[in-house]
There are 2 protein chains.
Amino acid sequence: MSKKRQQLVDTAIKLFSAHGYHGVGIDWISREAGVTKKTMYHHFHSKNELILAALKHHDGLFRNEFMNAVKAFHEDPYERLLGIFDVAHHWFSDKKFYGCMFINAIGEYSEPDSSIRNVCQEFKSLMRKYIAQLAEDAGIKDTESIATSLAILLEGSIVTAQVSGTPDSAIEAKKAAKLLVDLALQN
Amino acid sequence: MSKKRQQLVDTAIKLFSAHGYHGVGIDWISREAGVTKKTMYHHFHSKNELILAALKHHDGLFRNEFMNAVKAFHEDPYERLLGIFDVAHHWFSDKKFYGCMFINAIGEYSEPDSSIRNVCQEFKSLMRKYIAQLAEDAGIKDTESIATSLAILLEGSIVTAQVSGTPDSAIEAKKAAKLLVDLALQN
DNA sequence: AAAAAAGTATACTGATCTGTTTAGTGTTGA
DNA sequence: TCAACACTAAACAGATCAGTATACTTTTTT
């Protein structure tokens, strides 16, 4: 992978996150990445392809960092399951937290079968699968049900943190999640 | 209130919802509303003011429709509290469901103290207050805690429905909400 | 009936949008 | 070494962006 290409992807992620997708032009990204527009169009055939590349790169990077943070945060499987909200809280506390790139992308590109939408759905699907695995490790029987609930709570806490500008929703979501998880473990 | 002005606000809500805020220009809105650009700038000093007017109008309209739907859906206070997810499910099932206008707005305008952000925060705050009222009517003691949980579940179900393209998340969120509400009623 | 307000149509500004073109410079691997 | 590749710089195309200007017509209010 070319170095310039990576600079373009990194810059795109940064600017799209902060200013939206229609809100950032190719010129801006190229300038910020220290690369000419020609080079940008050498690596990506269109703005849409750059958006896709940015989303795909962020997908891998984000999930990897998220999983490592959960692992590092707690040892116990039960605490790890709820630990996703501790990691979320840490994420929301970042000065440069602008919500979820994928949610924001869908907000601007609503066509039902677009490639952008597919990448976003794939990300959410993999996150849900990861939560289901954590639930299984914690000894929960109905992993699908709890994964769905916790995934919805996580999405809700992301959006709430984004709108309110505070990370508190992660703590609130964790409280609710704990009640649901404890109930699920009683059965 | 002028008729043309209202046409502009209605059209703005429709187009911003479907294509985002940066994705829709003044020309497009004016053309679609059957109004000249001059008239548009007579009623609104800038695009930003039109966005604000659209959000504020949608705020009142949406909450009113939502509350009426909840009232019409169920009689019993307990069922009404959980009924917010039935109304959400109906909302998500609309062919023209593009997620929450306010969440999508924050995704494009992330400046911490912008007027757009304030309108969005106000909307979310009023929705939370409404849920707390429903919780009180249902005989729940710790209304604040349950309102927070249900608000997060509602946000999560909105975003999940938007990304997945199906209304199912409303049903899943309702299941989790029922467990939390029943727990809260035991105390 | 007169005056004010709200509307039309159209063309314009200057900036920015995505994407292309031309012409030339480094870099690198077979 | 030399050809392919990656890159720079800068201008260009055609469309669209937010917003303004000019000149005229319709509607409403006093």
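I'll start with the surface near DNA strand C: by class it has 4 nonpolar, 8 polar and 6 charged residues. Near here means a heavy atom of the residue within 4 Å of the strand. Nonpolar covers Ala, Val, Leu, Ile, Met, Phe, Trp, Tyr, Cys and Pro, charged covers Asp, Glu, Lys and Arg, and the others, Gly among them, are polar.

This is a predicted model, where local features need pLDDT of at least 70, side-chain atom pairs count only at pLDDT 80 or more, and totals for chains, interfaces and linings use all residues. Residues are numbered from 1 along each chain as its sequence is written, chains are lettered from A and ligands numbered from 1 in the order in which they are written, and side-chain values use heavy atoms, with hydrogens and water left out.

Sugar and phosphate make up 54% of the DNA strand C atoms within 4 Å of the protein. An N or O atom in the Thr39(B) side chain sits 2.7 Å from a phosphate oxygen of DNA strand C, while one in the Lys38(A) side chain is 3.4 Å from a base oxygen. H3(B) gives the most to this surface, with 4 residues.

17 residues surround DNA strand D, with Ile26(B) and Lys37(B) among the closest. A backbone N or O atom of Ile26(B) is 2.7 Å from a phosphate oxygen of DNA strand D. The Lys37(B) side chain places an N or O atom 2.4 Å from a base oxygen of DNA strand D.

Key
Polar contact = N/O pair within 3.5 Å; in protein donor to acceptor, adjacent residues only side chain to side chain. Helix = DSSP H or I, 4+ residues; strand = E, 2+ residues; numbered from the N terminus.
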